[in-house]
Amino acid sequence: MGKGFVMALDAGTTGVRTIIFNKNSEIVGVSSKEFKQIYPNPGWIEHNPMEILKCQLETIQDAINNSGVSINEIVSIGITNQRETTVIWDKHTGKPVYNAIVWSSRQTASYIEKWTEMGLNDVIRQKTGLINDPYFSASKIAWILDNVPNARDQANKGDLLFGTIDTWLIWNLTKGKSHTTDYSNAARTMIFNILTLEWDVELCNEFTVPMSLLPEVKPSNGDFGVTDSSILGASIPIRGNAGDQQAALFGQACFKPGMAKKTFGTAGVFVMNTGQTPYYLDGLTTTIAWGLDNKITYALEGVVFSCGSTIQWLRDGAKMIHGSSDSEWYADQIEDTGGVYLVPAFSGLSAPDWDMYARGIIVGITGGTTYQHIIRAGVEAMAFQTKDILNCVLENKEIAITELRIDGGAVKNNLLCQFQTDILGIPVVRPTVTEMTALGAAYLAGLGVGYWSDTNEIEKNWSIEKVFHPLMSKEKQRKHYQGWKAAVNLTRGWTKKLEIEEEETEVNIVG
Ligand SMILES: Nc1ncnc2c1ncn2[C@@H]1O[C@H](COP(=O)(O)OP(=O)(O)O)[C@@H](O)[C@H]1O
Ligand SMILES: O=P(O)(O)OC[C@H](O)CO
C-alpha cells in the first residue's frame, strides 16, 4: 500500500464533499454538507461563496476525524467543482463583491442577446467550442461588473479577482498566494481560447472583461500551491484540479478517444474523450477534458441543466417526496407514467436544443393521473434527456458508442438505470465507485505527486458493480420517445412568447 492518502474536495452545486482515498481508490473518509440555494428572482440562482468555503473547510475537518487519518498523512489535495459558477472578490479584503452566480442562472440573458446581435456567435463557437448562452461564465462576469456599484471601477484599478469555485477555494486555502485554475475549468468560461490555450483578448474586449481579473491557467495535475498551515494545520500541496464533469471522465478511466460517461448529478452531463483533436458536433459543446502535464485532451460534451435537480424539485418544490431516493419507490408502484411527461426546462433547454427562453412543463394529465405518475415522469425525464444527447452523437456515423458508463448521486436509482438502458438500447454500466468526480480529482492530485505512476495504474482500479441491459421492445421505445419529443417542443420559447403577448396587449390597450 502506498504511503499516505489523497484528499479530494468536491464542491458541487447543492453541496460540498471531502473524500479521502487510499492507493486502491477506496474511500477511507467522507463528509458532505449541503448549502443554501438563493433564488433572488425567477430564473436566478446564486450561492454565498463564504458559505461554500465554510462548508468545505468543515467537511475537511469531519472527513479527517471520521477516517482516523492524520492531516499530515495527506500527500496531495485535488479540487473539483461545479463549473462556470462565477465569483468576483476584492483581492485586498478577500470579500466577494456579490454572490456567486450559478451556472444555471438566467439573469444574464440580455447579454447573450446583445452578443448575438453583435454577430459574435460564430467566433465564440470557433474559439471556445461553446455556444453563446448564459450558462457560461462570461456574461456572469460582465453582469457583476455592470450591476454591483463601483465594481467596474475597482476592476479597472486591478483590485478585483475572478474565479470559478476551484479558483475561489484554492485562493482561500493558500491564503491568497495562488490565483489559479486549470484548463478544464478555464474552457467553461467562454473567454478561454481552447486552441491557443490562452485567455482570448478579442473576446475579453467584446465582453468588457478586464484581463487583470483572470487567474493563471495550469495543467489539471499542475502545481496550484500549498495550503496555508493556519487553515488546515499543515502545508499540503494542491496538485489536482478539474471541473467536476471532466474529473468524472478521468475517474471513469475514459482515457481513450471514443470512451464516454454520463454523470447524473444536479446537472446531467455526457462527456466523451476525443483525444488530441477538438471535435465539433451540432448541439453539443467542444471542451477541454484535461491537460496532463502539457498534453491537452479534448472532449465533446452534452449538458442537461436539470437532471437530479428534477428530483430535488419533486422533493423541495412540489413536495411529492421526502427524500430523493423515494422517487424510485413511488415510480416503481406503477407500470408507466400513463402518458404523462415532465420536461424539467427549469433553466431553459440545454444541449442539444439550447433555448434560454424555454421553461418546464407537465403534460398529458388526465383524471386518472396521480402524483406517482408525475414522480415517475420526473425520473424518466433524466433518461430521455440522455437520449437527446446520444442521438446527436450517434447520428454522426464516425462515432460508435456501444455502452455508457454512468456515475453521480442519482445512479443509485435502479429504476432510472433500467429505464436509461431501455430507452437508449445500449448497456449502461455502473462502476463500483460512483463518486467519480471526487475520484477523478484525487487521481489528478495523486499523479501530480507520483502517488499513482500513470493512467495505466489508474485504469486497473476501475471496476463494474452492475451492467443494465435493454429489455424494452423497439416499438415501445420509439413511442415513449416520440411523446417526449412532442412534450419538449411545447416548452420552446416560453418566456419570449410571454414578452410578445405582453407587448401586444399593451399595443391593444394603447391602440
Ligand atoms: N435515489 C435517487 N434517485 C434519484 N435522484 C437522486 C437519488 N439520490 C440522489 N439523487 C439526486 O442526485 C443529485 C445529487 O447528486 P450529486 O452527484 O451529489 O450532485 P451534485 O454534485 O450536483 O451536488 C440530487 O439532485 C438528488 O436529487
Ligand atoms: O453540480 P453538478 O455535479 O451537477 O455539476 C454541475 C456542472 O459542472 C455544471 O456545468
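These legends walk through several close-up views of a predicted model. Residues are numbered from 1 along each chain as its sequence is written, while chains are lettered from A and ligands numbered from 1 in the order in which they are written. As this is a prediction, local features need pLDDT of at least 70 and side-chain atom pairs count only at pLDDT 80 or more, whereas totals for chains, interfaces and linings use all residues.

View 1. The chain is assigned domain 1 (5-244) and domain 2 (253-502), with bounds from an automatic or database domain assignment. Taken over C-alpha atoms, their centres are 23 Å apart. Domain 1 puts 46 residues into the contact and domain 2 puts in 35 (contact here: C-beta atoms, placed from the backbone, within 7 Å). On the domain 1 side, β1 (5-11), β2 (15-21), β5 (74-81), α2 (109-117), α7 (183-186) and β13 (238-243) give two or more residues each, and β5 gives the most, with 6. Helices (H or I, at least four residues) and strands (E, at least two) are DSSP runs, numbered from the N terminus. That side of domain 1 splits into 21 nonpolar, 16 polar and 9 charged residues. For these classes, Ala, Val, Leu, Ile, Met, Phe, Trp, Tyr, Cys and Pro are nonpolar, Asp, Glu, Lys and Arg are charged, and the others, Gly among them, are polar.

**View 2. The shell around ligand 1.** There are 19 residues around ligand 1, and G12, G265, T266, G308 and G409 come nearest (a residue is near if its C-beta atom, placed from the backbone, lies within 6 Å). By class it's 2 nonpolar, 15 polar and 2 charged. Helix α11 supplies the largest share, 4 residues, and α12 (326-332) also supplies at least two.

**View 3. Helix α11 against helix α13.** The axes of α11 (308-317) and α13 (371-395) come within 8 Å and cross at roughly 165 degrees; axes are lines fitted to C-alpha atoms, for helices over the stretch in contact, and angles run from 0 to 180 degrees between N-to-C directions. So α11 is roughly antiparallel to α13 (the cut-off for that word is over 145 degrees). T310, I311 and L314 of α11 touch I375, G378, A381 and M382 of α13, giving 5 nonpolar, 2 polar and no charged residues.

**View 4. Helix α13 against helix α14.** This time α13 packs on α14 (414-424) at about 35 degrees, with the axes 9 Å apart. On the α13 side, the residues are V379, E380, M382, A383, F384, T386, K387 and L390. Their partners in α14 are L415, L416, F419, Q420, I423 and L424. The contact counts 10 nonpolar, 2 polar and 2 charged residues.

**View 5. Two backbone spots in loops.** From A351 to P352 the peptide bond is cis, with omega near -5 degrees; P352 sits in the loop between β18 (341-343) and β19 (361-363). L197 isn't a glycine, yet has a positive phi of about 65 degrees. The loop holding L197 is between β10 (192-193) and β11 (198-199).

Terms used: Parallel < 35°, antiparallel > 145°, perpendicular 65-115°, else oblique. Contact = placed C-beta atoms within 7 Å.
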